[in-house]
Amino acid sequence: MTKKTVQQRLREWEPPQLGKDLQTLNDFTKMDLPNCTYVIPLRIETADRMRNAVTTLCYFLRNINAPVIVKEFDCESIFEESVLPQIKQVCSEEDLKNLTHVFEKSDEFTFHRTRLINDMVMMADTDIICNYDCDVLLPFSTHHYAVRYITDGYIDPDSKQTVPQPVKVVYPYGFGEFQRQVFADDETVSNFINSNFNFHAFDNKIRPFDAKFGFCQFFDRKEYIRLGMENENFISYGYEDDERFHRFNTCSHVIRINDIIYHLEHKRSQNSWFTNPYIEDNRAEWMKLKFYGKHALEEYYNNQDYVKRRRGQEQK
């Protein structure tokens, strides 16, 4: 008997019916962030990952007026078949104008996340980019502050400075126990959407956990490209988050917003865990670059073939 593919199994599962009987409010104002593009690399391998994608995109499209690019890499589009119909039950045609879905068809098992993110960075035409994981949610106000700090700079309220310090990168969550792992089911996320995206819908479904360098980051787009964007030598999963923070913290202007980030838990394949076949190569890349200072890092990235190619795209 032929073993079913992941895509065949996903088609057999009924997608989460998040749009049923929803009483979403129509009398609230969206946050206007048209100068920030959210880029989301996507492969849906499990039913909970599908639910997370629906939840996150509904939250974006209903609450934030900003372009969102989703690039899906798979042998067939689960997004078109199972995610988008659910989103359309919650979001208006006007909401959906902010969403761009790109599908790259491939039978390749390996999910080259860093390359896909860079593809979307080059597609974007805004001054700010948010590299965003489809499994996370930020409090509403965090989006506003992250974009404002990159646009206007930051003044420490506890200091006497009057001139804003430049900000090129924002980590929109604190370091340490600022993650809230959310163990959601269909009912939980339906309550979240139905309550007009009230995070108290997750009460009794969360566990405090560690937050360091992953999840999502906001970048000045020119600075992101100048310093190499995502390092495409990191393939699949592992160590890219550590290296990214080291590089930008060494070579640029980084701040953190000490607020919570919610992570919608999900099952993991090799592409999202340390069992992937590229993990040792990724580790070697990080162990090399972690000792580089500002000059060495800038020289390294200026000489990477993928960076030269991407910069050539930018100049066209």
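**View 1: F60 and Y132, both of them buried.** Buried here means under 20% relative accessible area, while exposed means over 50% and partly exposed is in between, using a 1.4 Å probe and protein chains only. Heads up: this is a predicted model, where local features need pLDDT of at least 70 and side-chain atom pairs count only at pLDDT 80 or more, though totals for chains, interfaces and linings use all residues. Residues are numbered from 1 along each chain as its sequence is written, and side-chain values use heavy atoms, with hydrogens and water left out. The structure holds 26 aromatic pairs (Phe, Tyr or Trp rings, the six-membered one for Trp, with centres within 6.5 Å; planes under 30 degrees apart are stacked, over 60 edge-to-face, the rest tilted). One of them is F60 with Y132, edge-to-face at 4.7 Å centre to centre and 70° between the planes. This pair ties together distant bits of chain: F60 sits in helix α2 (residues 47-63) and Y132 in strand β6, 72 residues apart. Helices (H or I, at least four residues) and strands (E, at least two) are DSSP runs, numbered from the N terminus.

**View 2: An open, mixed sheet of seven strands, ordered β5-β4-β2-β6-β11-β8-β12.** The edges go to β5 (99-105) and β12 (254-256), each with a single partner strand, so one side of each has no neighbour in the sheet. Pairing takes at least two DSSP bridges between two strands. On average, neighbouring strands are turned by 20° against each other, direction ignored.

**View 3: Strand β6, with five of its five residues buried.** That burial is why β6 counts as largely enclosed by the rest of the structure. In a regular strand, side chains alternate between the two sheet faces. Here I128, C130 and Y132 are buried on one side, and I129 and N131 on the other. β6 (residues 128-132) runs antiparallel to β11 (residues 216-220) over five bridges, with F219 of β11 as the bridge partner of I129. With β2, β6 pairs in the parallel sense over four bridges, and C36 stands opposite I128.

**View 4: Helices α3 and α5 on the sheet.** Helix α3 (residues 78-90) lies across β2 (36-42), β4 (68-74) and β5, at about 150° to β5. Angles run from 0 to 180 degrees between N-to-C directions, with axes fitted to C-alpha atoms (for helices, over the stretch in contact). Helix α5 (residues 113-123) touches β2, β4, β5 and β6, and makes about 145° with β4; contact means heavy atoms within 4.5 Å. In α5, 10 of its 11 residues are buried, among them R115, L116 and D119.

View 5: N282 is buried, with a relative accessible area of 1%. The N282 side chain reaches the backbone oxygen of I235 at 2.8 Å. Setting aside residues up to four places away in sequence, N282 touches N233, F234, I235, Y237, G238 and Y239.

**View 6: An aromatic cluster, plus an arginine over a ring.** Ring pairs join Y59, F192, F197, F199, F202 and Y262 into a cluster. R247 lies over the face of Y301, 4.1 Å from the ring centre. A charge sits over a ring if NZ of Lys or CZ of Arg is within 6 Å of the ring centre and within 35 degrees of the ring normal.

Notes:
Polar contact = N/O pair within 3.5 Å; in protein donor to acceptor, adjacent residues only side chain to side chain.
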